[in-house]
Amino acid sequence: MTTAATLTRTRTQRRDPGALAGVLYVLFFVASLVVAGALGPSGTVTPYSSDAEVQAYRLKDPATLEDLFRTLGLLQGLSALALLAFVPCLTAFAGRYGSDARAGMVRALATAAGTLLLLSASTSWVLAQISPRAELSTYRAVSDLSFITGAGPAVATLGVAVFLVAATGRGSRSLPAWLAWSGMVIGAASVLSMSSLVAEGGSVFIPAGRFLGFLWFVALSVLLWRRGGRTDDHADSLAPRHP
């Protein structure tokens with residue numbers, strides 16, 4: 001009984017707060033969307049909007065738009081850093097239940113996604129600096145860069161990492177079936193967001209992959225945190241049984 005109790009306490013003490021970085025990634029990004037909805041000018045523009053639409057949006061309330069860009073840069077930058085902090089957890093999971101090759105792929109893809117999101121956040125800050133005085137063509141170029149890096153490529157790249165982690169969890173039965181299968185579906189939908197680079201209709205896959213992915217990341221992050229330092233799903237079998 002003493003050995004079992006010691007093992008239980010050890011597993012509890014090994015809970016890694018870093019596993020909750022996945023939750024922070026979601027919270028900071030959702031906060032940026034809430035701020036955008038509350039403080040931003042009415043309406044939205046995308047790379048597919050006309051010059052007239054972009055110019056009208058840009059000049060509607062320049063001061064508010066500048067503040068919005070700075071806030072978005074901060075919150076989405078923090079979201080990107082949280083995602084990068086979560087990469088080791090994703091990598092460790094893929095390596096533990098999959099293979100070193102798969103772990104390397106997950107690390108590279110998730111790091112690339114976090115880097116793209118950080119670049120998008122940085123260009124939001126640049127937009128705040130140039131917004132009042134830049135030529136429309138310059139403004140559009142930076143705005144489009146901010147949108148593209150934080151949208152299709154980032155969502156698709158992270159989606160492949162999600163698919164690999166979920167497939168690893170399904171094959172090894174180290175994830176609940178619903179979490180494994182939903183991750184694979186979300187990963188596939190996220191990859192389709194790359195079609196937004198060639199057709200406006202492909203943009204529908206961006207929120208599908210991103211927002212469903214948020215729910216998946218929260219669930220996975222909490223699950224990994226609760227498992228703590230456990231190296232397998234049958235750690236309880238290590239404890240000796242006593243009558």
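## A cavity and the helices around it

A search of the whole structure finds one cavity of 30 Å³ or more. The model is a predicted one. The volume of the largest cavity is about 160 Å³. Its lining is made of 17 residues, and Tyr25, Ala154, Val155, Leu158 and Arg210 are the closest to its centre. By class, twelve lining residues are nonpolar, four are polar and one is charged. Five helices, H2, H5, H7, H8 and H9, each give at least two residues to this lining.

| Helix | Residues | Number of residues | Expected span | Span between end C-alpha atoms |
|---|---|---|---|---|
| H8 | 177–192 | 16 residues | 22 Å | 23 Å |

The expected spans rest on 1.5 Å a residue. For H8, the reach of 23 Å is close to the expected 22 Å.

Which residues of H2 are buried? They are Ala21, Gly22, Val23, Tyr25, Val26, Phe29, Ser32 and Val35. These buried residues pack against four helices: H4 (62–97), H5 (100–130), H7 (152–172) and H9 (205–227).

H8 has its own buried set. Leu179, Ala180, Gly183 and Met184 belong to it, along with Ile186, Gly187, Ala189 and Ser190. H7 and H9 are among the elements that cover these residues.

### The nonpolar cores

The largest nonpolar core holds 38 residues. Within this core, the residues with the most contacts are Tyr25, Phe86, Leu90, Leu158, Trp216, Phe217 and Leu220. Six helices, H2, H4, H5, H7, H8 and H9, each supply at least two of its residues. H4 gives the largest share, ten residues.

Leu90 shows how such contacts run. Leaving aside neighbours within four places in sequence, Leu90 touches Val106, Ala110, Val165, Phe217 and Leu220. Another core lies apart from the largest one. This other core has 14 residues, including Val54, Tyr57, Leu68 and Leu75.

Tyr25 and Leu158 are among the residues closest to the centre of the largest cavity. Tyr25 and Leu158 are also among those with the most contacts inside the largest nonpolar core. Tyr25 is one of the buried residues of H2 as well.

Technical notes:
Residues are numbered from 1 along each chain as its sequence is written. This is a predicted model: local features need pLDDT of at least 70, side-chain atom pairs count only at pLDDT 80 or more; totals for chains, interfaces and linings use all residues. Side-chain values use heavy atoms; hydrogens and water are left out. Buried means under 20% relative accessible area, exposed over 50%, partly exposed in between (1.4 Å probe, protein chains only). Contact means heavy atoms within 4.5 Å. The expected span of a helix is 1.5 Å times one less than its number of residues. On a 1 Å grid over the protein atoms alone, a cavity is a set of points where a 1.4 Å probe fits but cannot get out, and a pocket is an open set with protein on both sides within 12 Å along at least five of seven lines; lining residues have an atom within 4 Å of a point. Grid points are joined across faces, edges and corners, and a volume is the space filled by probe spheres set on the points. Ala, Val, Leu, Ile, Met, Phe, Trp, Tyr, Cys and Pro count as nonpolar, Asp, Glu, Lys and Arg as charged, and the others, Gly among them, as polar. A nonpolar core is a set of buried Ala, Val, Leu, Ile, Met, Phe, Trp, Tyr and Cys residues joined through side-chain atoms within 4.5 Å.
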